[in-house]
Amino acid sequence: MDTSLSTIAVVGLGTMGTGIAEVLALAGREVIGIDISEAAALGAVASLEASTARAVGRGRITEQERTEALARFRTSDDLRTAADAELVIEVVPETYEIKQQVFRELDAIVSPTAILATGTNALSVTRLAAESQHPERVLGLHFFNPAPAMKLVEVVSSVLTAPPAVEAVTALARELGKEPVAVGDRPGFVADGLLFGYLNQAAAMYEANYASREDIDAAMKLGCGLPMGPLALLDLIGIDTARTVLEAMYSASHDRLHAPAPVLGQLSSAGLTGRKAGRGFYTYDAPGGQAVVPDALTPAADAVSGAGRDVASVGVAGSGTMASGIAEVFAKAGYDVVLAARSQEKADVAKGRIAKSLERSVAKGRLTAGARDETLARITAAGSLDAFAGVDLAVEAVAEDLEIKQQLFAALDKVCRPGAVLATTTSSLPVVAIARATARPEDVIGMHFFNPAPAMKLVEVVRTVLTADDVHATVRAVCARIRKHPVDCGDRAGFIVNALLFPYLNNAIKMVEEHYASLDDIDAAMKLGGGYPMGPFELLDVVGLDVSLAIEKVLHKEFRDPGLAPAPLLEHLVAAGCLGRKTGRGFREYARR
């Protein structure tokens, strides 16, 4: 089997094939680009000329390197020109029929020692290899779009693949400046296997009219630090492509989370396949365009109707990190804040935590000393909820326990003045159950801040069936004043962010349970292939495995979907006291401070 891989053929010169060809040519390989479409071949050459010119302009390569790279790239419409290639990478349309035909023809053309790679992200590599006369040389080489920029390459072995072939393409990926991750043959592999389940759930959430497309996308960008929202990403990938991937995943897993949301089929059948068609979940300025333009579903600037209630003073109940952060946010925005804990000592400690946070902001030049002093002066630490008698908005940030929150709201009902808005920061509990602990459930709303509250821009605004319109308008106006981005959602488990995030985390744990991939490879795949700021296991250890398990249980209880049942490995780690960074051990071990 040839391991030099100096001459490489790329079959299929669409966006992905052209990108792979560019990476290879710039890395010194002789590249043969093959496509039955003359227009595609001409487009690939033009794309390579333009992208390398930009690279020269940005100082990434020299003019001589550009000239040499362009000279190493030639195109053809005849598959027989791949005869001298030591590696052939096919990136033709995502169907078995087309890919199998390419492999059958290549068997009669290339050397018996040449390696054949499929760029599929959804189809079975084993099934494709079975069509070849030499299945031991067939493997998956899954680049991510755009190939020149994305670092991840999934190297996919079937049960038939020879180890030397895997070693050769893994070494090639490293020489290209990529991060290869070794995975087995199952639909979606690692990155897409986790990503597309999440995208599918977001599509189903939108289809159910639970939240607007804008709010779903904003929630995941601002709440999780993702580069794109899920619906915008579906438009970029292609809704028809996403549906194909999900169909392949569902046929293998029979997991309802992978069953394509009906809206994906409806949009695909209507030709509304995303950016390439000029319309998908969003409408674009032109087919293939990137700029979103307003359409009939675009919310008006003043989408929230009705006047809200006046809010000049805010009470924050709690003494933990979240309570301190929320109190800091309100005080910075000019509100008079009462920070109440179960004792004066705890309240003073919480205010001290705010003082340290403000001091760090001063040291970093983000806040003046005068603004720090004014902010602290607006905060009154109190050892009793009685101090909330005059507040206009009361926000609880106590333990995520329904009984504790209900007891607190029963107390707020007695203490707070008529007309005061009562808000819970719960991330997973039913807001209506908390509201019913009061005699005024119409005044109760969810106001889910994200940790750390001073830094995170998102607030999920959760209306129950009993929440008054002016209470909703009030909270939206307050979010604007404290410079947070509110997203509206209904009162169901997980709201937007956790309902989409935690099934994804749970599925990552299941991959490890099944010995499909390692912690490190899964984390690397999602950071490098999906643009996630943290891998799933890094995030689980930061959030806390006990917190994660509690949210998984709430989601499973609410939706009764077997695919949402907490992974046994998560339950075992929690039972063993391995809760993540806070205990020094979770999925990984950490140095004790």
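Strand S6 is largely enclosed by the rest of the structure, because 6 of its 6 residues are buried. The model described here is predicted. Strand S6 belongs to an open sheet of 8 strands with mixed pairing, and an open sheet of 8 strands with mixed pairing is also formed by strands S11 to S18 in the order S13-S12-S11-S14-S15-S16-S17-S18. The points below treat these sheets in turn, with attention to selected residues.

**Strand S6 and its partners**

- From strand S6, the residues Val138, Gly140 and His142 point one way, while Leu139, Leu141 and Phe143 point the other way; all of them are buried.
- Strand S5, covering residues 115–118, runs parallel to S6 and is joined to it by 3 bridges. Within this pairing, Thr118 has Gly140 of S6 as its bridge partner.
- Strand S7, covering residues 152–157, pairs with S6 in the antiparallel sense over 4 bridges. Here Leu141 has Val155 of S7 as its bridge partner.

**The sheet that contains S6**

- The strand order of this sheet is S3-S2-S1-S4-S5-S6-S7-S8. Its edges are strand S3 (73–76) and strand S8 (179–184), each of which pairs on one side only. From one strand to the next, the twist averages 25°.
- Helix H1, formed by residues 15–26, packs on this sheet and touches S1, strand S2 (30–34), S3, S4 and strand S6 (138–143). The direction of helix H1 makes about 170° with that of S1.
- Strand S1 (residues 7–11) pairs with strand S4 (residues 87–90) in the parallel sense, over 4 bridges. In that pairing, Leu87 of S4 is the bridge partner of Ile8.
- Strands S1 and S2 also run parallel, joined by 5 bridges. Val11 has Ile34 of S2 as its bridge partner.
- Strand S2 is mostly covered, with 4 of its 5 residues buried.

**Glu86, a buried charged residue**

- Glu86 is placed in the loop between S3 and S4.
- Although buried, Glu86 has no salt bridge. The nearest side chain of opposite charge belongs to Arg29, which is 7.4 Å away.
- The side chain of Glu86 does reach the backbone nitrogen of Thr7, at 2.8 Å.

- Strand S11 (residues 313–317) and strand S14 (residues 393–396) run parallel and are joined by 4 bridges. Val314 has Leu393 of S14 as its bridge partner.

**Thr424 in strand S15**

- Thr424 lies in strand S15, which covers residues 421–424.
- Thr424 counts as buried because its relative accessibility is 0%, and buried means under 20%.
- Leaving aside neighbours within four places in sequence, Thr424 is in contact with residues that include Glu396, Lys405, Phe409 and Val431. Ile434, Ile445, Gly446, Met447 and His448 are also among the contacts of Thr424.

Key. Residues are numbered from 1 along each chain as its sequence is written. This is a predicted model: local features need pLDDT of at least 70, side-chain atom pairs count only at pLDDT 80 or more; totals for chains, interfaces and linings use all residues. Side-chain values use heavy atoms; hydrogens and water are left out. Two strands pair if DSSP finds at least two bridges between them. Helices (H or I, at least four residues) and strands (E, at least two) are DSSP runs, numbered from the N terminus. Axes are lines fitted to C-alpha atoms, for helices over the stretch in contact, and angles run from 0 to 180 degrees between N-to-C directions. Contact means heavy atoms within 4.5 Å. Buried means under 20% relative accessible area, exposed over 50%, partly exposed in between (1.4 Å probe, protein chains only). Lys and Arg count as positive and Asp and Glu as negative; His and the chain ends are not counted. A salt bridge is a side-chain nitrogen of Lys or Arg within 4 Å of a carboxyl oxygen of Asp or Glu. A polar contact is a pair of N or O atoms within 3.5 Å; within protein, one must be able to donate a hydrogen and the other to accept it, and residues adjacent in sequence count only if both atoms are side-chain atoms.
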